[in-house]
Amino acid sequence: MIRVASWNINSVRTRIGHLTDWLRQEKPDVVLLQEIKCLTDGFPSLEIEDLGYNLAIVGQRSYNGVAILSRHPMTVEADRLPGPAEDGQARYVEAVVQAEGKVLRVASIYAPNGNPVASDKFPYKLAWLARLRDHARELLRFEEPVVFGGDYNVCPTDDDVYDPEGWQDDALCRTESRAAFRRLIHLGLTDAFRALHPEPHRYTFWDYQAGRWQRGEGLRIDHLLLSPQAADRLGAADIDKGPRGKEKPSDHTPVWCELEL
DNA sequence: ATGCCGGGCGAAGCCCGA
């Protein structure tokens, strides 16, 4: 069994204590991080390596940045999404993990937010998700277990947001964003959490503002999307709300799944 | 209609996030 988690950490340097505490407590095999908000050289590698993890880091000054932590040997396969436009934003890293004599491909994904919808950020988001779909389609040809995990900045349905009406024109909930996410799913991917948890109103993000955490008002925007070969091996999945309740938390909390490789 | 909160950067206040 291998456990894979995804967590938008909102600055890995500010949250290094939270991260190491959680790694010691939960001992996930693979962790996909987003919004590390530091250069690759600035990543607190020693603290993580001391806990037995190998690292794949794609950093950027101030914003974005993604990483993969793996207790098993890992080979980096890509440090950006293929595409004609080199945008310089650190939003994708992909690796192959060798675990228990088997191979698992994982990607840590930080999709653009897309707000405000009237700005060029929204078409950038939609184009980025289309690029992700194109790449996922190529990877699926290998017919191997893959976990595409990360902060998609898409709330898939009205069941995944506390106030659907209030959020309907936000880039996270707009029909164009949801359609882009469905086009990805329709390649044959499985939303690991939703496959095992049909209940509505389970969230991975709560805004710092307006007491959203205390009110239980969040959104489900962090997802683990599984290739068919991974979905066939899905044993468990859940959202771990623990880290969101700590002092000075990230505004996101981890989502995880277990695969019987 | 906008800010609320919070991080980075850099040393005040702006940019960005969701």
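User: What makes the 2.7 Å approach between the side chains of R105 and E94 a polar contact?

Analyst: In this predicted model, the side chains of R105 and E94 are joined at 2.7 Å, and because a polar contact requires a pair of N or O atoms within 3.5 Å, that value falls inside the cut-off. A polar contact of 2.4 Å likewise joins the side chains of R105 and E144.

User: Why is R105 called buried?

Analyst: The relative accessible area of R105 is 8%, and since buried means under 20%, R105 is therefore classed as buried. R105 lies in strand β7, which spans residues 102-110, and, when residues up to four places away in sequence are not counted, R105 touches a set of residues that includes E77, L139, F142 and V147.

User: Why does R194 count as partly exposed?

Analyst: R194 has a relative accessibility of 22%; because buried means under 20% and exposed means over 50%, the value for R194 lies in between, and so R194 counts as partly exposed. The place of R194 is in helix α6, residues 192-196.

User: How do you know that R194 makes a polar contact with D160?

Analyst: The side chains of R194 and D160 come to 2.6 Å, and the cut-off for a pair of N or O atoms is 3.5 Å, so the pair qualifies as a polar contact.

User: Which residues is R194 in contact with, leaving aside its neighbours within four places in sequence?

Analyst: R194 is in contact with D159, D160, E199, P200 and R220, where contact means heavy atoms within 4.5 Å.

How values were computed
Residues numbered from 1 in each chain as written. Chains lettered and ligands numbered in written order. Predicted model: local features only at pLDDT ≥ 70, side-chain atom pairs only at ≥ 80, totals over all residues. Heavy atoms only, no water. Helix = DSSP H or I, 4+ residues; strand = E, 2+ residues; numbered from the N terminus. Buried < 20%, exposed > 50% of the residue type's maximum accessible area, 1.4 Å probe, protein only. Polar contact = N/O pair within 3.5 Å; in protein donor to acceptor, adjacent residues only side chain to side chain.
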